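Colleague: I'm new to this one. Could you walk me through how to read it?

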Amino acid sequence: MSKNKRGKALWRLPSRARGTCPICKSTRIKLLYLGKGADGGKLDVCKKCEGKQAG
């Protein structure tokens, strides 16, 4: 059976949770994970950069 509700919550997020990752600079990528900024603050990052620290 098909799953018609998969990804439905992304449509409610600003720009559908897409943007430029502040760590790897990938564009038009989903920013759904938390990373650490240089000052210890939280950043929205892509899946590849989850757990990395900006610097």
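Predicted model: local features only at pLDDT ≥ 70, side-chain atom pairs only at ≥ 80, totals over all residues.

Colleague: Let's start with phi. Which value does Ala17 take?

Modeller: In general, most residues other than glycine have a negative phi. Ala17 has a positive one, near 65°. You'll find Ala17 in the segment before strand S1 (18-19); strands are DSSP runs of E with at least two residues, numbered from the N terminus.

Colleague: And is Ala17 buried or exposed?

Modeller: Buried means under 20% relative accessible area, exposed means over 50%, and partly exposed is in between, using a 1.4 Å probe and protein chains only. Ala17 is at 8% relative accessibility, so it counts as buried. Arg28 is another non-glycine with a positive phi, about 50°. Arg28 sits in the loop between S1 and strand S2 (29-30), and its relative accessible area of 73% makes Arg28 exposed.

Colleague: How do strands S3 and S4 pair?

Modeller: Two strands pair if DSSP finds at least two bridges between them. Here S3 (residues 33-36) and S4 (residues 42-45) run antiparallel, with four bridges. Tyr33 faces Val45 of S4 across the pair. Five residues lie between the strands of this hairpin, and there Gly40 has a positive phi near 90°.

Colleague: Which residues form the largest nonpolar core?

Modeller: A nonpolar core is a set of buried Ala, Val, Leu, Ile, Met, Phe, Trp, Tyr and Cys residues joined through side-chain atoms within 4.5 Å. The largest one has five members: Cys21, Leu31, Val45, Cys46 and Cys49. For contacts, look for heavy atoms within 4.5 Å. Leaving out residues up to four places away in sequence, Cys21 touches Ser26, Ile29, Leu31, Val45, Cys46 and Cys49.

Colleague: How many disulfides does a search of the whole structure find?

Modeller: A disulfide is a pair of cysteine sulfur atoms within 2.5 Å. The search finds zero. Cys46 is in none, and the nearest cysteine sulfur, that of Cys49, is 3.7 Å away.

Definitions and conventions: Residues numbered from 1 in each chain as written. Heavy atoms only, no water.
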